[in-house]
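Biologist: Before we discuss surface features, could you show me the chain and take me through it in order?

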Amino acid sequence: MRLIITTLLLQLFLFTGLTAQTSAPEYTTQRIEGEAPVIDGKLDEAAWNQVEWGTDFYQRQPSDADPVTQETAFKILYDDRFIYVAWRAFDTDPEKIEARLGRRDDFPGDWVEINFDSFNDKRTGFSFSASASGVRGDEFISNDGNDWDSSWNPYWFFKAQTDDQGYTAEARIPFSQLRFGKAESQTWGLQVNRRLFREQEMSSWAPVKQNQPGWVSRFGTLKGLEGIKPRKPLEIQPYVLGQVRTGGDFPDNDPFNRKTDERLSAGLDGRIGLTNDVVVDFTINPDFGQVEADPGAINLDGFQIFFREQRPFFVEGRNIFDYRITQAEAGGGYNGDLLFYSRRIGGAPSRFVGEDTGVGRFVQQPENTTILGAAKVSGKTRSGLSLGLLSSFTEREFATVIDNDGETKQQVEPFTSYNVGRVQQDFNDGQSTIGVMLTSVNRDLQTPELEFLHNSAYSSGIDLVHRWKDRAWQLRTNMVWSQVRGTEEAITRTQTAFEHNFQRPDADHLSVDTSATRLSGTGGTVAIGEFDGDWVFESGVTFRSPGLELNDIGFLNNTEQVNFFAWGARRWRNPTKKFNRFQWNHNIYSGWDWSGAALNRSYNTNVWGQFKNFSNFRFFVNLEQQDISRNALRGGPLFRRSPGYALGGGIGTDQRKKLTSYLYFNGGQGYDGNVMGGSVGLEVRYQPTDALSLYIEPSFNPSTRRDQYITTQTDDGRTGYVHGQIKQQVFSLTMRATYSITPDFTIQYYAQPFVARGIYDEFKIVDDPLAKNFDNRFAIFPEAAVSFNSETGNYQVDDDDDRAIDWEFSDPDFNFLQFRSNFVVRWEYRPSSTVFLVWSQGTAGGTDPSKSVFSAITEDLFANDLRNTFLIKGTYRLVR
């Protein structure tokens with residue numbers, strides 16, 4: 001197998017040729033003679049007369065075969081410190097220019113944009129957008145346009161003006177915000193774009209066809225940059241923070257019942273250039289109080305819930321650390337697997353110390369682990385070498401316990417260091433990339449109560465992407481390796497964890513080694529596909545060995561599985577009689593465990609598109625042929641779940657309107673009728689004025705399944721996997737409102753009430769876990785054998801008529817409520833220097849499961865005390 005793969009790789013590199021690309025346009029800039037332009041958007045300075053207008057834009061959407069509706073032109077100048085850009089967006093009907101306001105990177109209404117590939121590597125770029133309303137947008141482009149990182153917030157200036165010919169914009173961008181080499185004469189990649197909002201038209205200076213892969217690789221050329229010197233960035237951004245927290249649901253006799261606590265702190269963010277190509281970003285005592293709260297979620301299948309990163313330090317520049325073992329197209333349950341998942345840093349403490357108020361034991365548990373500091377080194381050289389290093393340290397955390405013995409401290413999280421290294425090298429004119437990634441976690445375990453944790457965890461990966469035939473074809477492959485080390489308790493805990501299940505009684509190829517002090521594993525993906533033209537496809541294989549463990553610093557959903565995937569699509573990218581765009585996709589997935597046992601087979605077909613009136617739609621059908629889980633019984637044998645079908649989709653209105661909506665829905669059931677469910681939601685956006693934007697999204701998810709796992713118990717040598725029928729309802733209501741007084745002064749409100757209810761009945765245990773007939777799969781407890789003990793809150797079962805309790809488990813019914821909100825006033829009083837005023841609210845708890853979700857949310861959502869946090873934070877960004 002290794003010889004075959006090696007031979008194929010060599011053949012691809014030796015015999016795949018390159019076809020000539022369409023000739024790209026060129027623009028020649030000049031150094032400013034005399035005074036530099038004043039950034040006021042008027043374009044009336046003499047300096048602009050030194051250069052000609054760049055013109056002849058090409059429509060990209062909705063039709064790349066038609067001429068542009070409105071003409072666009074641009075000019076570029078430079079001096080020793082800045083590059084200057086002027087746009088002229090002509091419009092024969094300037095009163096219809098859409099000048100909507102929004103926060104930075106909202107990209108509202110009409111805008112123009114410039115992209116620089118300053119390394120001319122045909123993979124990465126810097127994007128600067130200027131809206132007609134004065135809103136800035138900036139993104140770092142990587143992976144030839146497949147990734148756009150809007151968290152990149154450079155220091156630059158622009159102004160826009162509307163006149164009787166359309167609108168103009170003028171920008172000054174410091175060279176210190178860009179990366180380029182030391183050559184006396186520079187050649188950069190260049191793209192200039194425009195969005196004509198009312199026509200939903202996108203146009204570009206360098207032509208790009210919609211069915212062509214790649215973006216940066218198709219830029220035009222910027223010439224004339226002579227004698228500019230790379231500048232090492234130096235930026236310091238200190239902050240001061242004042243915070244008051246009030247409220248909370250505490251028993252009256254709780255000694256920690258402090259209704260108010262205050263905090264005053266300070267910290268520092270900074271950026272120092274080691275060279276023009278490589279910079280160090282660091283943060284000391286970071287604070288993320290202005291970050292929007294995570295949405296409500298509940299998951300009964302045992303798998304981890306993935307939350308997106310929102311903290312600024314970890315979000316900015318994350319592209320270089322983004323090592324996905326399987327891309328989204330691959331499916332099969334591995335889409336979220338990451339070698340590095342930054343939410344592991346600063347999360348909730350690993351150990352929870354329980355309290356018992358009935359006997360006078362009270363606990364004050366830290367909510368999060370304190371991040372003492374973090375630093376990252378990132379950059380890219382002109383030779384195509386990308387570098388990323390990240391290191392972070394978290395504090396030792398303690399819970400305070402008060403009981404009959406007095407007050408004590410119990411450690412709940414050790415001092416921990418996290419380290420990530422990433423290197424990538426471009427070659428073959430930017431069409432191919434090879435990379436390596438290394439991670440490590442080291443914990444200083446000083447107490448036996450924390451020896452269930454790994455004292456160290458290491459992982460590594462190597463990945464290769466090779467493109468040929470003008471980037472039409474692509475081969476991508478990666479391999480990952482991991483090793484965790486710890487006490488026998490820690491490694492045994494890992495082997496028997498939900499993701500691994502070495503204790504499965506039917507897994508002859510696995511066994512739990514209770515004496516082991518380390519565990520290693522591997523994983524990887526190989527895929528090949530074509531992405532040019534009307535027909536595109538990709539096919540590949542992805543695998544995870546039983547011992548792979550990434551969750552100390554990464555995200556790993558499952559192990560011990562091999563998945564085959566393939567997808568293909570027919571694309572209609574230019575308008576037809578009925579559609580502006582249309583695409584039909586097909587996907588197939590198959591999976592096996594490490595012993596070769598077949599687990600799952602499924603098929604998906606879906607369509608999406610946009611009608612001529614700019615309304616949009618998507619519809620899908622999923623068909624399962626087999627669904628056998630190695631996790632469903634939480635360490636038990638393989639378990640057959642009812643295969644079935646699902647269908648759904650969504651319909652959206654014209655996004656150009658002030659009022660828009662998107663209705664989404666899905667439903668499905670098992671072929672045997674034992675599982676059924678669905679969801680429906682509605683997204684509504686309303687922009688009554690250019691300054692005010694409103695968003696509301698209610699969603700409702702009802703479902704019923706007869707094979708919901710509850711617990712595992714033993715009785716006289718018998719192992720019982722207790723299940724029940726669950727009738728579940730989940731309702732959430734997400735609301736956002738943004739009022740933009742100016743592009744730099746905004747008021748934003750976010751709130752989400754969330755409720756999830758589950759009612760169980762028809763209790764049973766697994767009898768034959770792989771039986772194809774549902775009734776043969778379970779032994780249902782007779783009603784007379786099940787009783788409920790109201791004193792203990794437990795169900796008790798005598799299933800063998802011996803008048804003794806065989807199975808006893810707590811009442812699994814639940815009705816969980818949560819409310820989270822953020823009110824943020826944000827004033828960017830100078831570029832990238834900001835004052836935040838924040839008011840956060842939160843409450844969570846349970847209520848009577850007999851109530852419907854709608855009764856619970858209207859009657860009991862605020863039954864528990866609200867926790868209020870008031871925060872003021874100011875930052876000042878000093879840029880050299």
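Biologist: How many helices and strands are there in the chain?

Modeller: This is a predicted model, in which local features need pLDDT of at least 70 and side-chain atom pairs count only at pLDDT 80 or more, while totals for chains, interfaces and linings use all residues. Residues are numbered from 1 along each chain as its sequence is written, and side-chain values use heavy atoms, with hydrogens and water left out. Counting DSSP runs (helices H or I of at least four residues, strands E of at least two, numbered from the N terminus), the chain has 47 strands and five helices.

Biologist: What radius of gyration does the chain have?

Modeller: The radius is taken over C-alpha atoms, and the globule rule is 2.2 Å times the number of residues to the power 0.38. Because a compact globule of 880 residues would have a value near 29 Å, the rule agrees with the chain's 29 Å.

Biologist: Is Met 479 buried, partly exposed or exposed?

Modeller: Met 479 sits in strand E26 (residues 473-485). Buried means under 20% relative accessible area, exposed over 50%, and partly exposed in between (1.4 Å probe, protein chains only). With a relative accessible area of 38%, Met 479 is therefore partly exposed.
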